[in-house]
Amino acid sequence: MTIQDIRSFNRFYTNVIGALDYGRRLYAPYTLTESRVLYELAHAPRTDAADLRAQLHLDAGYLTRILNKFEEDGLVERGPSDTDPRRRRITLTAPGREAAALLDERARETVGAMLDTVPDKDRPRLAEAMRTVRTILGDGDDGGPGDGDRGAPRPEDVVLREPAPGDLGWIVQRNAALYAAEYGFDADYEALVARIVADYAEDHDPNLERTWIAELDGRPVGCVMCVRDDTPGAARLRLLLVEPDARGLRIGDRLVGALVDFAREAGYREVVLWTNDILGAARRIYQRHGFVLVAEKPHHSFGQDLTGQDWRLDLHATPH
């Protein structure tokens, strides 16, 4: 392989994705870089300018101009960082989330149209070739010479997004399969999850209810749902799940953090949830985010003797 081979491939692929005229390709008033900044902000609830600059390898002045433009357009808000007062936290406003969602939808449609031209028999070969390029060239900041595990996923490789077609069915299937394999739950649990997901799909208010999918290397690896509770002013956390091969990347923490931020911005007074005491990892996540155990009761469900627990997070008592 020569330098010319790589440069030739780069020219080819930038044409394929429309990088030189990205905004017109997606019918949007944003460049490829601006769209990427919006994407990162949409998938990382707690982001500051320094982290964003490092992650995207952007010049500080260039990023500042982009953020100034977004702020003028009402897409972002800036405030003090939760962890370092010298830094500025950046969050998307409601119009910013709408813009990011629209860009994501159009990008998916564009990629889908491109994949439609690829025969089914060639798709596994294409996917493997893309994974090979990412692994060999080191898909990340620390992928320099001598790195013996450049293909290993990192927390920053995971993105949180809204569900795409088929993802709600994935939530049902993976909950049923994982809880059967790890805790021996029977089909009653699958029926419960199916009812929860069906109720959400048929009638939910996007201003007050939301589902997050954690995605790694193009596949879903986690989820959580925020729905209105029967108690006025309360949101309910439901169906938190992280795939076994993606655990250890703080996906559960990010999912719960995104839900708590959303619930606070939506004006809820509290977040409540019901779980079982055997789910130790999930309970530790809830505790880290300030949830408090308020009640527990033995019960027999899903073919098992369990101890159900009610947890509550007072949003007015927790820091923003």
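The model is predicted, so local features need pLDDT of at least 70 and side-chain atom pairs count only at pLDDT 80 or more, while totals for chains, interfaces and linings use all residues. Residues are numbered from 1 along each chain as its sequence is written, and side-chain values use heavy atoms, with hydrogens and water left out.

**Whole chain**
- The chain has 11 helices and 10 strands, taken as DSSP runs (helices H or I, at least four residues; strands E, at least two) numbered from the N terminus.
- Of its 320 residues, 39% count as buried (under 20% relative accessible area; exposed is over 50%, partly exposed in between; 1.4 Å probe, protein chains only).

**Helices H10 and H11**
- H10 (residues 251-265) packs with H11 (residues 280-288) at an angle of about 45°, and their axes are 10 Å apart.
- The two helices H10 and H11 are therefore oblique to each other (under 35 degrees is roughly parallel, over 145 roughly antiparallel, 65 to 115 roughly perpendicular, the rest oblique).
- Gly 252, Asp 253 and Val 256 of H10 meet Ile 285, Tyr 286 and Arg 288 of H11, where contact means heavy atoms within 4.5 Å.

**Gly 184**
- The loop between helix H8 (167-183) and helix H9 (187-202) holds Gly 184.
- Gly 184 is partly exposed, at a relative accessible area of 36%.
- Leaving aside residues up to four places away in sequence, Gly 184 touches Tyr 179, Phe 302 and Gln 304.
- Gln 304 is 120 residues from Gly 184 in sequence, with 7.5 Å between their C-alpha atoms.

Notes
Axes are lines fitted to C-alpha atoms, for helices over the stretch in contact, and angles run from 0 to 180 degrees between N-to-C directions.
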